[in-house]
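Here is a short briefing to read alongside the structure. Take a moment to look it over, and then let us walk through a few of its features together.

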Amino acid sequence: MNTAADSAAYVLLLFNECSLALLHRDGPGASWQATAGGRVSAAQTLEAVVHEALGRVAGAGGRAVPVATTGGAALYFALVPDAAACTTTGGEWGRFSLLEMAALAEQGELAPELTAVLPAVRAHAIRIPYLNHSESDYIYRFRTEKQRNRSVYRYDEGASRLYQSVLCEAIKRLRRVKERSAAAPALLDFGAVRYVLPSHFGFCLGVQNAIERAYETIAANPGRRVFMLSELIHNPFVNEDLTARGLRFLQSDKGRPLADSATGRALWDDLRRDDIVIIPAFGATDEDKRRLIERGIELNRHDATCMLVEKVWKAARRYGKLGYTVIIHGKHEHEETKATFSNSSIFAPSLIIRDAREAERLAAVIAAPSPEEARAVFAATFAGRHTQGFDPVRDLQRVAVVNQTTLLRNETLRIIDQLERAYSQRYGAVAVAEHLYSESRGDTLCYATQVNQDALGRALELPLDAALVVGGKNSSNTFQLFRLCEKKLGLAAHYIQSERDIVSLAELEHFVFPHHPGDPREGRTERRGFLGPQGASARTVLITGGASCPDGLIQQVVARINGFFPAGQLRPIEQVLAELEAADPKGDDQRC
Ligand code: SF4
C-alpha cells in the first residue's frame with residue numbers, strides 16, 4: 001500500500017473520541033462524504049497524499065493509519081480531538097455513529113464510495129478508539145500512589161463499612177512492605193480466638209484502579225446514565241454498592257443481556273451516544289467493544305481493563321505474529337478468558353484449555369498416530385473452544401501458552417510440561433523448542449494472584465484450626481486461594497462471601513465453587529462444621545480474601561467471630577494492634 005501503482009484510490013475517515021465519523025457534505029440534499037478521498041497520481045505516494053489531506057481538515061499532528069484495502073481503495077482511519085476537526089470552511093459537517101452511517105447508506109444519503117467501504121469500516125471498527133496507541137502503550141496504566149483517589153472509600157458510612165478496616169490497614173502497612181513479594185503473616189491474638197492473616201490479600205492494583213474510576217465517573221456525571229459492561233469485579237457487595245449509587249450493568253457476568261426493569265427492553269438496545277459505559281478490569285471481547293463503538297459510545301476514557309490483562313493480550317498477539325497457535329489456559333466461561341480469546345483470535349489460531357485434564361487430551365491429540373485420530377480426539381473435547389477453522393493437525397504444529405491471570409501458576413507450568421512431553425514423544429526431545437514456545441513459563445500470571453498465593457502459602461505453614469477464604473461466588477482467584485487452603489486443611493477450609501455466612505462458632509455456610517460447569521454438586525452452599533462450641537480451647541483461624549475482596553469484609557468476619565465470645569474473654573483491639581506493631585519484623589529481609 002505504498003505507491004499509487006499499488007493502490008490508486010483512497011478513503012480517509014476521521015473519528016472523534018466517541019468513535020463518531022466526521023462526515024462532510026456540500027449542503028442540504030447532498031450526500032455525506034468521507035473526510036477525504038480520491039485517486040493519487042503515479043508521481044505521488046499514497047501516504048503523502050493522505051497525510052496532506054489529514055492536515056487540511058484536522059491541522060497538523062494527526063496520524064492516519066491504513067486499515068484495509070477494499071474494493072480497490074486503501075482505507076485510512078485517523079483519530080482526532082473533536083475540536084481539532086472540521087477546520088475547512090464551506091459545506092456542512094456532521095458526526096455519525098457507525099449505525100447511523102449504515103442508516104444513511106440505506107436511505108441513499110451516503111456517497112457511493114463511502115457506502116462501498118462501509119463493511120470494511122465495520123470490520124476494523126475495533127481499532128478506532130486505540131488508533132493512537134503504540135505497541136508499548138496500555139489502555140490504562142495503574143495509578144501511582146500520588147494519583148490514587150482513596151476518598152471514594154470514605155464517601156459515606158456504607159462505603160466506609162465496605163472498604164475500611166483498621167486491622168487490614170495495619171497489616172498491610174506492617175507486612176506488605178513490598179507490593180510484589182510475600183512476607184511473614186500477621187498473628188492477631190484476641191485471647192479466646194486467634195487470627196492469622198497473610199501479608200498479602202484483598203484488592204490488587206487493577207481492582208483498586210477500576211473501583212476508584214467507577215466511583216469517580218458516577219460522581220462526575222450526575223446527569224448522565226453510567227453503565228458497566230458487566231460486573232466491575234467479582235464481588236457482590238462492591239457491585240451492590242455501585243448500583244445503589246446509580247450504576248447499571250448491561251449484561252451478566254456470563255454475557256447475558258440485562259433488561260430495563262421498567263420497559264423490559266434489553267439495555268443494550270437503548271444505549272445512547274451520551275451514555276457512559278465502563279469496561280471492567282477483566283476487559284471486554286472485541287464483539288462487545290464493536291457494539292459500543294457502533295453506537296458512538298466513548299470507549300477509551302472509560303476502559304478500565306487491567307494492564308496485566310492487556311499484557312496477556314499483547315503476549316498472545318506477539319506469539320501469533322511469530323507464527324504460534326495460542327493456547328489459553330483458562331475457563332472458557334470467564335469474562336477475562338473470553339476477552340483474551342477474542343483478542344488472540346485476530347492474530348492466531350487460538351484454543352482454550354481448562355486444566356491439566358484437558359491438557360492430557362490435547363497431548364493425546366498431538367501424539368495421535370494419524371490425522372484422523374487427532375481430529376476425532378480434538379473434536380470430542382474442544383468443540384466450541386477454538387477459533388473457526390482450527391485444524392489440530394495443522395494448528396498444533398507450533399504453540400505458545402498464555403493463561404488467565406488468576407489461576408494457579410503451578411497448574412500452568414504443569415500444562416506446559418504436559419505439552420513438552422507430548423511434543424517430545426511426537427518429534428523427539430531435541431525438536432521440542434521448534435514446536436513449543438518455551439520462554440513463557442506462566443509469565444502472564446498476574447503479580448497479585450501470585451503474591452496472594454505465596455503469602456497464603458507462608459500463612460498455611462502455621463498451626464491452624466480452620467481457614468476462611470472470603471470472596472464472590474464467581475471469583476476465580478478466590479477459588480484458587482481456597483484450593484490451597486483445602487489442600488492443607490481439608491474440610492476445615494471454607495469459602496464464604498461475607499460474615500453473614502458464619503452461622504455460629506459451630507457452623508457456617510460454605511460455598512461449593514462451580515469449578516466444573518454443569519456439575520450439580522457445585523455452585524451451591526452447604527452447611528458445615530466450623531470451630532466447635534464456645535468454651536473449647538482457643539482456636540486459630542486463617543482469614544484471607546481474593547483480589548476483589550474489600551478490607552471491610554475481612555474486618556466484618558473478624559468482628560462476627562469475636563461477637564460469639566463474651567467481651568470479657570477478648571483482648572481489646574488496641575492491644576492486639578499494639579502487639580502487631582511491636583512484632584513488626586523491622587530490618588529483616590522482607591523490608592525494602
Ligand atoms: S487480579 Fe491481576 S489481572 Fe486481575 S485486576 Fe487484579 S492485578 Fe489485574
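Strand β9 (residues 226-228) pairs with β11 in the parallel sense over three bridges. Strands pair if DSSP finds at least two bridges between them, and the helices (H or I, at least four residues) and strands (E, at least two) named here are DSSP runs, numbered from the N terminus. Please keep in mind that this is a predicted model: local features need pLDDT of at least 70, side-chain atom pairs count only at pLDDT 80 or more, and totals for chains, interfaces and linings use all residues. Residue numbers start from 1 along each chain as its sequence is written.

**The sheet**
- The open sheet has three strands in the order β10-β9-β11, with parallel pairing.
- β10 (248-249) and β11 (276-278) are at the edges with a single partner strand each, so one side of each has no neighbour in the sheet.

**Around the ligand**
- The ligand is surrounded by 15 residues, the closest being Cys204, Gly206, Cys306, Thr405 and Cys446; a residue is near a molecule if its C-beta atom, placed from the backbone, lies within 6 Å of it.
- At least two residues of this shell come from each of α6 (205-220), α9 (307-321) and α16, and α6 gives the largest share, three residues.
- The shell has ten nonpolar, five polar and no charged residues. Here Ala, Val, Leu, Ile, Met, Phe, Trp, Tyr, Cys and Pro count as nonpolar, Asp, Glu, Lys and Arg as charged, and the others, Gly among them, as polar.

**Helices α16 and α17**
- Helix α16 (residues 447-459) packs against helix α17 (residues 476-489) at an angle of about 20°, with axes 10 Å apart. Axes are lines fitted to C-alpha atoms, for helices over the stretch in contact, and angles run from 0 to 180 degrees between N-to-C directions.
- This makes α16 roughly parallel to α17, a term for angles under 35 degrees.
- Thr449, Asn452, Gln453, Leu456 and Gly457 of α16 meet Asn477, Gln480, Leu481 and Leu484 of α17; contact requires C-beta atoms, placed from the backbone, within 7 Å.
- By class, this contact has three nonpolar, six polar and no charged residues.

**Helices α9 and α10**
- The axes of α9 and helix α10 (residues 335-347) come within 9 Å and cross at roughly 25°, and the two helices are therefore roughly parallel.
- Among the contact residues are Trp313 and Arg317 of α9 and Glu336 and Phe347 of α10.
- Five nonpolar, four polar and three charged residues make up this contact.

Terms used. Parallel < 35°, antiparallel > 145°, perpendicular 65-115°, else oblique. Contact = placed C-beta atoms within 7 Å.
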